[in-house]
Amino acid sequence: MKLTCLQENLKRGLATVSHAVAARSTLPILANVLLATDGGRLKLAATNLEIGITHWIGAQVQEAGAITVPAKLLADVVGGLPNDRITLTLDARTATLRVECGRFVSNIKGADADEFPTMPSITDREATISLPPDVLRQAIEQVAFAAATDESRPVLTGVLVRLREQTMFMAAADGFRLATRQVPLPEAVSKPVDFIVPARALLELARIAGESEGPISMTVTPGGGQVLFQTATTEFVSSLIDGRFPDIERVIPQQYATRVIVDTAELAKAVKLASYFATASQNAIKLTMEPGGELGPGRLVISANATDVGDNRGELDCMVQGEGGQIALNVRFLSDLLGVLKTAQLAIETQSPQSPGVFKPVGQEGYLHIIMPMSIR
Amino acid sequence: MPIRLLDATVAAQIAAGEVVERPASVVKELVENALDAGARRISVEARGGGLREIKVLDDGCGIPAAEVELAFERHATSKLGSAEDLWRITTLGFRGEALPSIASVAQVICVTRAAHEELGTELRIAGGELQARQPRGCSPGTSISVRNLFYNTPVRREYLRSEATELSAISAVVQQYALAYPEVRFSLLLEGRLALQTSGDGDLRTVVVELYGLDVARQLLPVESSAGEDEQAVRVTGLVSPPGLTRGSRGYLHLFVNRRALQPRGALAAVVEEAYHTLLMKGRHPLAVLDIRVHPLAVDVNVHPTKSEVKFRYAPRVFGVVGRAVREALVAGAAVPTWSGEEGALQRRFEVRQAGAPAPRDAAASAWGAGDAAWDRERSRWDVGAPAAPGQVVLPREAPPLPVAPGRSEAAPEAAPATSLPPLRVVGQVGLTYIVAEAPEGMYLIDQHAAHERITYERLMAQHARGAVESQGMLLPQAVPMAPAAAALLLGNAAQLAAWGFALDPWGDGVLVRAAPVTLPLEELPGALHELADRLAGQGGSTPLDWREAVLITLSCHTSVRAGQPLTLEEMRQLLHQLEQCVSPRTCPHGRPTMILMTPAQIERQFGRRA
């Protein structure tokens, strides 16, 4: 193998695949990155067996070949080189990769490319759906954070993806909250598909989507074990979680007793203030909704109280429909939600202090968030 | 068969059955006599498991020549004049049964001389019959040699255990009295070997060094407390082990009432152990030496012939004082358990013994010398390799009042705020389980789970007291399968559990959880509910307090970081910071220590920088 490429491209390519490198693994080869010539391009690939990322960069290939080298070492070396042309030469006999750039020469000992796990590729399959990258990214960011981080119920560490006709439905829940998002598809899917992707993997995908411009196509392997995403220069593969996602439609309230419409940014500020006190009292924050009278608008009171620390109370003007009421929430859940909302206004719907709080951004159809309340004292 | 009076020997043999069960009982009776005679030195020898010969030699007041024979008559005693005296007994013996009983089942040689007489007497008795009497020159005091015990009661002899067992029983008896009378110099020779030698310097701690070694002795916490006046007066003194120092049986619980040894069972032992509440692990018992002094009128020792049980007139009061005294000592001395290297301890113990054999008095002093030097430095400075100050190692020989006392009293102000933690600097984590930290007094190893358990325990307790254990509703109610009995127990107490943040519903093979305490991670929920059911089931008629304790311990255990969980430096700092805020940071709610200390001295010793 012998080829020349730009330091800048190689550096960025290595950064892209590095997220799939297994930092600590019993399989040493997984700490390596695969370099292989592929037509007129250099293919970089890394996998930790849960996800795999393949990225192509432009290169002048003089001699075909493949090798794996320690990912971190190569990235460090390339990162330290000047922004110039890099020549990679493989000494197949000693499995050593020679990295030349300007007046710097490094030799990196590698391992045979055959030992590297093979990764499924989308190229020989037909894409199931295709989405603009920013839409996919936003949907993932608004949903994936609600997935569980503990492994007690593995299904909940994933995000449910449900394809029906011309919509994609995503949902994640961790036992205390639920985030769902509906995205319209440009074309109808041929048959309904349901699968559960690890939330961690989707967040990696969102990062890749952020760097990509063209549409992202997606397909599920025939066995249903993996899902593949593809952009112009990157392929992303993730294993799927086996199991049945809980029946979430059941927990979505169909009506409300009080509905509040409040400014998202102002609420975020008030919640941030209250959080300093809430963290000292098991994260409890109280929202009190007071309907407006003849003279003024309604009020939303945000308060937190920690016996040993102190307390805080903030008031916001808002539109209140219904009788008003009170609900206590875990401030962490509320902050997480406010962090991913992009709309100027947010609707909060409640029934009673014991029933879930429903959050809907005003002006963005298809997003719904539910937070289970805490007890109120 | 006609009814007739038993002859004296048979009657004595029957009585002997009660008093003299085994060789150790002979030792007990004779040592008590020696103590009642005001002896300052008592030497006990036993051969052939105590059957061939038991010899007790004292330097007490002796028996005047004219009274020697009388001493071996039944119900003859110098310790009791009238029935009223029975209510103010200050001597150990009083029944006048010991000598005749022993004499009826053995061959006894009694050599005695009262201090004011010029010539002593030798008396030989066998099977209760006087064999010979002759004047004899001897030093003041009494020597009683009991040979061929039970020679005329073969059945009793048959029922004795092995020689080793009998010897250990004898040794236990002597140990008890050595602890009760630190001012008396005891020596015990078993089969010609010196098994025990106390210095008789009046300090209980030096006796404990001899019995249990220096390491144990220096960890013990002093107990001293008194209350009441006259007949109601109760005074408790002694030493108790810190919670980290425990034993698997109650055999190390030495209880004395008016210096009379009691069996370590019953209410009094329970009171002492109760004082360790939440500080002791299950199945572990403290090591304690406690002398309880009450007015002679307020205690009845005449419950059992061997006097190993007593009845108090003001029992609740006595128990209260004892319990409080022990608890106070524990709280005041709640220090971090010091790491004790097994090997080193053994070796040092060995050295003490070696040096101790030829010159016992020096042995005690030198044992203390080493202990004292190490002790002070361990508590004070963390300066590696500082040369021992001269005079610290060698103790002034004629400073008779307890070489320990100065060290102790200096340490006392330090010990007072010992419940609060020293400033700890986190070094790192080992085994994903222990936090290594450094403080002025040495290196600490902190069990992350135990430490966090203590933090959450106290936090939960505070929250519950405020009625503010926050409950988090579940989006998807979680089913926890459990046995019907356990499920019924939990559901039957749903109202109480609600105060702790649980909302439970019946469900097929278990319970359905609709809400749980905020701090309880979801993955711990099934485990916590199972444990809760087990704990509650274990305490049938549980009081509300037991209930609270059970829930608190379960929740704090399940909401704490586990062993094997990697922690960042910042997390460890936070953990220690929170631990510092705790009321009793040194033990977890189960009673295990949260931290152990390796002192510079110990580390230096391991590295051979210090002898």
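I began with Glu315(A), which is partly exposed at a relative accessible area of 42%, bearing in mind throughout that this is a predicted model. Glu315(A) forms a salt bridge with Arg313(A), and the closest N and O atoms of the pair are 3.0 Å apart.

Next I turned to chain B, where the side chains of Asp291(B) and Arg293(B) meet in a salt bridge with an N to O distance of 2.5 Å. Here I recorded Asp291(B) as buried at 10% relative accessible area, whereas Arg293(B) is partly exposed at 33%.

Asp194(A) counts as partly exposed, at 39% relative accessibility. I also noted that Arg162(A) and Asp194(A) belong to a network of salt bridges that includes Arg164(A) and Glu249(A). Over all chains, my search of the whole structure gave 34 salt bridges.

Last, I examined helices α6 (residues 163-180) and α7 (residues 204-212) of chain B, which pack at an angle of about 155° with their axes 9 Å apart. That angle makes α6(B) roughly antiparallel to α7(B). From α6(B), Gln175(B), Ala178(B) and Leu179(B) meet Leu204(B), Val207(B), Val208(B), Leu211(B) and Tyr212(B) in α7(B). Sorted by class, this contact has seven nonpolar residues, one polar and no charged ones.

How values were computed: Residues are numbered from 1 along each chain as its sequence is written. Chains are lettered from A and ligands numbered from 1 in the order in which they are written. This is a predicted model: local features need pLDDT of at least 70, side-chain atom pairs count only at pLDDT 80 or more; totals for chains, interfaces and linings use all residues. Side-chain values use heavy atoms; hydrogens and water are left out. Axes are lines fitted to C-alpha atoms, for helices over the stretch in contact, and angles run from 0 to 180 degrees between N-to-C directions. Helices (H or I, at least four residues) and strands (E, at least two) are DSSP runs, numbered from the N terminus. Angles under 35 degrees count as roughly parallel, over 145 as roughly antiparallel, 65 to 115 as roughly perpendicular and the rest as oblique. Contact means heavy atoms within 4.5 Å. Ala, Val, Leu, Ile, Met, Phe, Trp, Tyr, Cys and Pro count as nonpolar, Asp, Glu, Lys and Arg as charged, and the others, Gly among them, as polar. A salt bridge is a side-chain nitrogen of Lys or Arg within 4 Å of a carboxyl oxygen of Asp or Glu. Buried means under 20% relative accessible area, exposed over 50%, partly exposed in between (1.4 Å probe, protein chains only).
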